[in-house]
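Hi everyone, thanks for making time this morning. I'd like to walk you through a structure, one region after another, so please have the viewer open.

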Amino acid sequence: MSAFENLKSETTRWVRITPTNLLYDRTLFWLFISLMTLGFIIITSASVAEGSRLYDDPFHFAVRDLVYVALACLTTYIFVFVPVEKWEKWSPYLLMIALLLLILVLVPGIGRTVNGARRWIPLVLFNFQPAEFVKFALICYLSSYFVRRYEEVRNKQLSVVKPTVVLIFISGFLLLQPDLGSSVVLGFIVFMMLFMVGAKIFQFVALAVLGFFAIYLLILSSEYRLKRITSYTDPFADPFGSGFQLSNSLIAFGRGEFWGTGLGNSIQKLEYLPEAHTDFIMAIVGEEFGLIGIIGVIVLFTLMLIRILKIGKESLLLEQRFGGYFAFGVVAWFFFQGAFNLGMTMGILPTKGFTFPFVSYGGSSLIINALVIAILLRIDHENRLMRGHAHLRDD
């Protein structure tokens with residue numbers, strides 16, 4: 001066989017939908033790469049004006065995002081070789097590291113303050129946001145906890161108390177930053193993971209009521225949060241004040257219509273929509289690629305969630321509970337954050353600082369998400385090995 005035929009055969013083997021005889025989920029891998037690539041293209045377009053103004057370099061953010069993509073790929077390559085049992089064993093230490101990072105970010109001289117919030121620790125290549133690592137660490141810890149206390153969580157009254165105490169403790173540090181959004185994401189993750197394990201139903205009602213009541217009080221206690229809630233109902237009532245960001249986001253969607261204005265042709269990214277390459281990246285997708293572009297991103301993202309759900313289901317069928325709970329926790333995380341981000345940019349939900357996973361600009365979120373994908377690929381790999389061994393025994 002010639003070198004060209006070898007290359008063609010290998011390329012075909014890589015890009016096709018995952019066959020059952022392969023030892024990892026190739027479809028999940030390519031969905032991950034596709035979303036990152038799409039994110040890089042949109043970030044390059046959306047950040048031109050801001051890069052020129054702040055750094056006199058229109059491609060400043062594009063170059064940095066390319067570095068983040070490279071680091072994300074390297075992270076996936078390294079951690080895909082770590083056995084799943086190691087993550088289960090390390091989960092308490094990961095949670096302790098997460099708590100330490102939440103403390104460090106509040107220390108003057110270590111944590112960096114932006115727009116009144118102290119949420120980042122400056123590193124060499126990017127500003128690390130501990131809240132992103134906390135989401136990953138909490139899912140690991142809860143997955144391990146539910147494996148160890150499976151019968152207790154399913155059958156014991158008030159079995160949600162311990163996970164809730166952990167959630168409240170972590171949320172306390174997040175609210176000091178302040179970061180209500182990450183606390184809400186963590187609450188949703190805990191709620192959905194308890195549901196998947198099978199905790200008693202009345203506990204979910206109590207937890208939901210407690211959560212909504214806590215969020216309600218926190219919103220009322222802050223004039224800034226209250227303005228965000230009230231302004232999203234009619235952003236054009238104060239288009240140059242509290243409704244400025246959302247009104248410009250809606251204008252972007254309106255300009256994009258069905259097919260979009262074309263890559264690079266956004267008007268709202270020209271300093272009308274602040275930091276368009278971060279939380280409001282989907283507004284630029286809507287403007288430049290139109291409704292069809294938004295649908296395309298949603299389809300890719302939904303297919304990724306379906307693949308992760310499949311990995312979680314297969315893990316539970318193989319009695320690999322840690323992998324199953326971890327996968328379902330990740331789905332809860334990605335789904336909530338992606339759905340809220342899209343709803344926020346469309347004015348359906350209040351404005352909040354949520355990134356769209358794999359698409360929005362941000363080194364912390366992209367690298368932590370890549371780590372999660374590496375673990376999911378490893379979980380799927382070990383599931384396939386177990387099924388292969390089972391078939392050999394049957395034969």
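Let's begin at Phe 358, which is buried, with a relative accessible area of 4%. Before going on, please keep in mind that this is a predicted model.

What does the ring of Phe 358 pair with? The partner is Phe 32: the ring centres are 5.7 Å apart and the planes sit at 75°, so this is an edge-to-face pair. Phe 32 belongs to helix 2 (residues 26-46), while Phe 358 is in the loop between helix 14 (321-345) and helix 15 (363-394), so the pair ties together parts that are 326 residues apart in sequence. Phe 32 is buried too, because its relative accessibility is 1% and the cut-off for buried is under 20%.

Now for another pair, Phe 169 and Phe 173. Their ring centres lie 5.3 Å apart with the planes at 85°, so this pair is edge-to-face as well. Both residues are in helix 8 (residues 161-175), four residues apart, so about one helical turn separates them. Is Phe 169 buried or partly exposed? At 48% relative accessibility, Phe 169 counts as partly exposed.

How many aromatic pairs are there? The count comes to 24. There is also an aromatic cluster, made up of Phe 79, Trp 87, Trp 90, Phe 133, Phe 136, Phe 322 and Phe 326.

The largest nonpolar core has 101 residues, and Phe 136, Ile 170, Phe 326 and Leu 376 are the ones that touch the most other members. Leaving aside neighbours within four places in sequence, the contacts of Phe 136 include Trp 87, Leu 94, Phe 326 and Trp 333. Further along the chain, Phe 136 also contacts Ile 368, Leu 371, Val 372 and Ile 375.

Trp 87 and Leu 94 take us to helix 5, where they are among the buried residues, along with Ser 91 and Ala 98. Helix 5 covers residues 84-104, 21 residues in total, and reaches 29 Å between its first and last C-alpha, close to the 30 Å expected. Where does helix 5 bend? The bend is at Ser 91, by about 55°, and Pro 92 follows within four residues.

Next comes Lys 135, in helix 6 (residues 130-148). Is this lysine buried or exposed? Lys 135 counts as buried, because its relative accessibility is 2%. Away from its sequence neighbours within four places, Lys 135 is in contact with Ser 182, Val 185, Leu 186, Trp 333 and Gln 337.

Ser 182, Val 185 and Leu 186 are among the buried residues of helix 9, as are Ile 189 and Met 193. Just after helix 9, Gly 198 has a positive phi of about 105°.

Three strands make an open sheet in the order 1-2-3, with antiparallel pairing. Strand 1 (112-114) and strand 3 (127-128) are the edge strands, each pairing on one side only. Strand 2 (residues 117-122) is joined to strand 3 by two bridges. Which residue in strand 3 is the bridge partner of Ile 121? That would be Phe 128.

How values were computed. Residues are numbered from 1 along each chain as its sequence is written. This is a predicted model: local features need pLDDT of at least 70, side-chain atom pairs count only at pLDDT 80 or more; totals for chains, interfaces and linings use all residues. Side-chain values use heavy atoms; hydrogens and water are left out. Two strands pair if DSSP finds at least two bridges between them. The expected span of a helix is 1.5 Å times one less than its number of residues. The bend at a residue is the angle between axes fitted to the seven residues ending there and the seven starting there. Buried means under 20% relative accessible area, exposed over 50%, partly exposed in between (1.4 Å probe, protein chains only). A nonpolar core is a set of buried Ala, Val, Leu, Ile, Met, Phe, Trp, Tyr and Cys residues joined through side-chain atoms within 4.5 Å. Contact means heavy atoms within 4.5 Å. Rings of Phe, Tyr and Trp (its six-membered ring) pair if their centres lie within 6.5 Å; planes under 30 degrees apart count as stacked, over 60 as edge-to-face and the rest as tilted.
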